[in-house]
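Colleague: I have the file open and would like to go through the side-chain packing with you. Could you take my questions as they come?

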Amino acid sequence: MKKRSHIFYVVLCFVISLIPFVCMTFAPEADGTLEKRELAKFPSVIEDGKFNFDILEELGDYFNDHFAFRQQMVAADALLLDKFGTSSVDSVIRGTDGWLYYTTSVYDYSGYNTISDRYAYNVAHTIAQTQKYVEANGGKFAYVVAPNKNSLYPEHMPYYLPVVDDENNMDVIRKHLNNLNVAFVDLFPVFEAEEEVLYLHRDSHWNNKGALLAYNTILDYLNIEHDDYSSAPYTKAETEYGDLGNMLYGVAAEPEWNYYYDIEQHYTHKMPMQSVEDPLIMTGNPDGEGNLLMFRDSFTNAMLPFFANEFSNAVFTRGQPYAVESYMQTSKPDVVMIEVGERGNFVLGYQPPIFTGAVTEITEKIVPAGENNSTLTFAKYANDTNFYLAKGFIDGYINYTDVYLCVNGVYYEAFTVTDTESNNDYGYMLYLNKNLFADENVEISVVINENGQYISVCDDKFTITEE
């Protein structure tokens with residue numbers, strides 16, 4: 001009898017374990033939208049004309065993402081852990097009173113592991129260089145940082161994530177933005193002055209009322225006359241599913257309140273659009289004025305209809321690195337904006353926009369460097385074959401501000417950058433349009449400005465080859 005009961009339990013466990021596999025044939029197809037990721041695809045036996053030796057591993061990945069009732073199990077797990085005040089998803093922090101926060105915002109919030117002052121300078125210097133390029137080509141420029149939710153509403157953060165330093169990444173970067181006279185739209189004091197909470201509880205972004213406040217603040221900063229929609233009617237409905245709520249609770253996520261403005265939309269889309277998350281969105285409005293080019297992230301999602309309703313033509317792109325030169329040549333913008341969330345504010349410190357550096361003159365004496373190990377490479381840029389990329393590191397100097405590359409006798413101002421893999425803050429990069437080169441021989445020297453003294457730290461010769 002005892003042996004039979006053991007067999008029964010073994011068979012029962014085996015049958016239960018088969019249910020997620022057997023039911024895959026008729027269960028609803030899994031959707032990666034809620035989890036903000038692409039689910040594994042069913043593998044092929046043959047890939048590129050050869051047998052796929054990774055097929056077993058890929059089948060395992062496919063099953064993990066698609067087994068029957070997966071989303072219901074994920075939701076049940078999240079709700080169970082919720083009872084213990086714990087998040088079941090590493091990328092989501094469960095705060096108090098039902099508030100959720102992005103894990104990636106913790107460093108900004110706590111002031112822990114703040115980026116170096118030099119890294120912050122590299123970020124601000126890159127933005128200043130971009131502003132200079134835009135203005136030299138006849139456009140207005142604005143750099144916009146959307147605050148992290150816990151920067152504005154820290155009272156709902158869990159107790160075990162305290163603030164350890166009052167100076168965080170944004171504070172360090174802001175100092176250099178101001179010193180370099182960057183056209184920076186500082187939304188932090190604007191939102192802090194509002195008594196009403198303008199971010200969603202279970203989302204990482206502002207609500208639609210917060211998006212309207214940001215939109216008006218940006219265009220006021222640029223002195224662009226616009227409809228502020230102060231008299232626009234709106235409704236408030238409990239229909240908004242937040243990105244963090246979807247990621248954590250899946251199919252068990254609950255909606256929350258948001259504002260919905262009833263405004264007459266005059267713009268149309270110039271290309272098919274699947275969602276506001278599309279990497280490229282282009283709009284046209286016969287009643288608008290001027291052309292807008294916006295390099296943006298998901299914080300622009302809720303602002304996009306307002307901007308599209310304001311400008312004759314608007315280009316909204318999420319592509320990185322920002323193809324500034326290419327888009328400016330094709331879209332002829334009157335206004336160029338870079339909008340980033342606070343948690344992504346430091347990316348420009350190691351991934352600068354793509355445009356040819358400004359031509360400059362150095363009339364001061366240039367002295368040769370002492371012994372140093374500065375590096376220099378020059379090659380076709382992999383992300384955009386219309387450009388070459390010169391880059392390297394400066395060794396032996398830490399107080400320099402600007403870097404110039406003399407390319408075939410012409411001086412160009414380079415970006416100062418941080419290499420995040422080696423934690424080296426003393427790198428530089430310069431994009432050069434391939435149309436600048438008439439022959440295959442290139443001579444490059446690297447000059448830095450250290451405390452007003454111009455020093456040549458590196459030089460080399462290269463041959464351009466078309467592969």
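Colleague: Is F299 buried or exposed?

Modeller: F299 is buried, with a relative accessible area of 1%, where buried means under 20% relative accessible area, exposed over 50% and partly exposed in between, using a 1.4 Å probe and protein chains only. This is a predicted model, in which local features need pLDDT of at least 70 and side-chain atom pairs count only at pLDDT 80 or more, while totals for chains, interfaces and linings use all residues. Residues are numbered from 1 along each chain as its sequence is written, and side-chain values use heavy atoms, with hydrogens and water left out.

Colleague: How many aromatic pairs are there in the whole structure?

Modeller: The search finds 31 aromatic pairs, counting rings of Phe, Tyr and Trp (its six-membered ring) whose centres lie within 6.5 Å, with planes under 30 degrees apart called stacked, over 60 edge-to-face and the rest tilted. One of them joins W206 and F299 in an edge-to-face arrangement, at 5.0 Å centre to centre and 75 degrees between the planes.

Colleague: Where do W206 and F299 lie?

Modeller: W206 is in the loop between helix 8 (188–192) and helix 9 (208–221), and F299 is in the loop between strand 11 (291–295) and helix 11 (304–310), so the pair ties together parts that are 93 residues apart in sequence. Helices (H or I, at least four residues) and strands (E, at least two) are DSSP runs, numbered from the N terminus. W206 is also buried, at 3% relative accessibility.

Colleague: What about Y234 and Y261, how are their rings placed?

Modeller: Their centres are 5.5 Å apart and their planes at 50 degrees, so that pair is tilted. Y234 belongs to strand 7 (residues 234–240) and Y261 to strand 8 (residues 256–261), so parts 27 residues apart in sequence are tied together. Y234 is partly exposed at 44% relative accessibility, whereas Y261 is buried at 19%.

Colleague: Back to W206: which cluster do ring pairs link it into?

Modeller: The cluster consists of W99, Y101, Y153, F191, Y199, W206 and F299. Y101 also has K149 over its face, at 5.2 Å from the ring centre; a charge sits over a ring if NZ of Lys or CZ of Arg is within 6 Å of the ring centre and within 35 degrees of the ring normal.

Colleague: And the largest nonpolar core, which residues touch the most other members?

Modeller: Of its 47 residues, those are F191, W206, L292, F307, F316 and M337, where a nonpolar core is a set of buried Ala, Val, Leu, Ile, Met, Phe, Trp, Tyr and Cys residues joined through side-chain atoms within 4.5 Å. Helix 9 gives the most to this core, with seven residues. A second, separate core of 39 residues includes V123, V182, A183 and F188, and R174 lies over the face of F188, at 5.2 Å from the ring centre.

Colleague: What is M337 in contact with?

Modeller: Leaving aside neighbours within four places in sequence, M337 is in contact (heavy atoms within 4.5 Å) with A142, I218, L219, L222, L292, L293, M294, F295 and F307.

Colleague: Changing topic, how many disulfides do you count?

Modeller: The count comes to zero disulfides, taking a disulfide as a pair of cysteine sulfur atoms within 2.5 Å. C406 counts as buried at 11% relative accessibility, and C458 counts as buried at 14%.
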